[in-house]
Amino acid sequence: MKKQSIHAKKNMASFLSRSTFLFLLISSFPVGVLASWSSPGENFRGELIFGGPVTNSKNPWSWKLMSVNDALSLSADDRMVRSDEHVWSGLLKGGPILLGKTTHTIPTGREGFAPRVNYGSNVSGVVLTWLSDGEGIVSLPVYDEGDPVPVGQLHFRLQVAMLLQHTENEQPIYARVYNNLAGNGLPLQGKISGSEMIAPWLCGLFAGEGPGWLCAVGSSVKKEVALGGLTDSALRLPHGVYGAGIVAGSGELTLRKDAMPARWKSSLSVSIEYQ
């Protein structure tokens with residue numbers, strides 16, 4: 001009698017084990033995989049729904065390099081003589097030289113989303129020195145046409161700012177961006193534009209060509225973030241704008257005292273890579 005009881009317990013344990021395994025197997029299927037059968041003989045109608053997320057790996061940044069080819073006609077009578085140089089000051093109109101914006105939404109920050117702007121990269125004699133509030137001084141070599149040896153320098157002030165929009169708790173957050181990567185096209189931390197003026201300044205610089213949210217930001221910029229932080233996957237639905245513009249009247253041309261070319265020229269190369 002005792003043997004039969006032991007045998008019955010073993011059978012029950014085996015059944016429970018198989019039942020548990022079957023239950024676990026059934027519960028491991030995702031919801032929607034298991035469907036019920038229709039009753040025999042009834043008309044049948046159904047629908048299969050296909051869908052899922054779309055990942056866009058295309059880089060969302062678009063750039064526009066403005067033209068500053070307006071001829072600077074200088075009169076020798078307007079020059080000042082300073083030490084051993086001829087000097088013309090108060091040159092150049094104000095306005096944008098480089099604009100950048102994201103054109104579509106990506107789900108999160110990722111590798112390749114952070115633009116590294118370079119001015120005059122690997123060009124001898126080009127120097128960009130950052131001051132404060134997003135302003136820097138650009139120094140370019142000046143040439144007599146057809147002569148590879150510089151005869152002077154062109155200096156002007158450049159204003160640069162970058163603004164990031166992203167989402168936290170379903171609310172838009174705006175942050176100033178400072179440079180912590182290679183590339184000289186963005187000021188370092190402590191030298192970027194102030195939070196009160198950055199969005200209105202960028203709004204004016206884009207002159208209607210910026211994203212819809214830009215001119216509505218106002219003084220809502222409360223944070224700052226490193227450029228390298230744009231690759232962080234914790235950053236949700238990021239958008240960005242970048243603007244660089246010449247400060248009006250900040251141009252100064254200096255030529256050696258022994259050089260007075262009939263035509264002069266200078267250039268600033270721009271390159272953009274992604275982190």
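Trp 61, Trp 63, Phe 113 and Tyr 242 come together in one aromatic cluster. Rings of Phe, Tyr and Trp (the six-membered ring of the latter) are taken to pair if their centres lie within 6.5 Å, with planes under 30 degrees apart counted as stacked, over 60 as edge-to-face and the rest as tilted. The model is a predicted one, in which local features need pLDDT of at least 70 and side-chain atom pairs count only at pLDDT 80 or more, whereas totals for chains, interfaces and linings use all residues. Residues are numbered from 1 along each chain as its sequence is written, and side-chain values use heavy atoms, with hydrogens and water left out.

By the ring rule, the count comes to four aromatic pairs. Trp 61 and Trp 63 are stacked, because their ring centres are 5.4 Å apart and their planes stand at 15 degrees. Burial is read from relative accessible area (buried under 20%, exposed over 50%, partly exposed in between; 1.4 Å probe, protein chains only). Trp 61 is buried at 8%, while Trp 63 is partly exposed at 24%. Trp 61 also pairs with Phe 113 in a tilted arrangement, 6.2 Å centre to centre with 40 degrees between the planes. Helices (H or I, at least four residues) and strands (E, at least two) are DSSP runs, numbered from the N terminus. Trp 61 belongs to strand E1 (residues 61-65) and Phe 113 to the loop between strand E4 (95-102) and E5, so this pair ties together parts that are 52 residues apart in sequence. Phe 113 itself is buried, at 0% relative accessibility.

E5 runs antiparallel to E14 and is joined to it by five bridges (two strands pair if DSSP finds at least two bridges between them). Val 270 of E14 is the bridge partner of Tyr 119. Ser 267 sits in the loop between strand E13 (264-265) and strand E14 (270-274), and is exposed at 57% relative accessible area.

Thr 167 lies in strand E8 (residues 150-168) and is buried at 17% relative accessibility. Leaving aside neighbours within four places in sequence, Thr 167 is in contact (heavy atoms within 4.5 Å) with Arg 236 and Leu 237.

Finally, the structure holds one disulfide, the term being used for a pair of cysteine sulfur atoms within 2.5 Å. The disulfide joins Cys 203 to Cys 215, with an S to S distance of 1.9 Å. Cys 203 lies in helix H2 (residues 198-206) and Cys 215 in the loop between H2 and strand E10 (221-226), so the pair ties together parts that are 12 residues apart in sequence.
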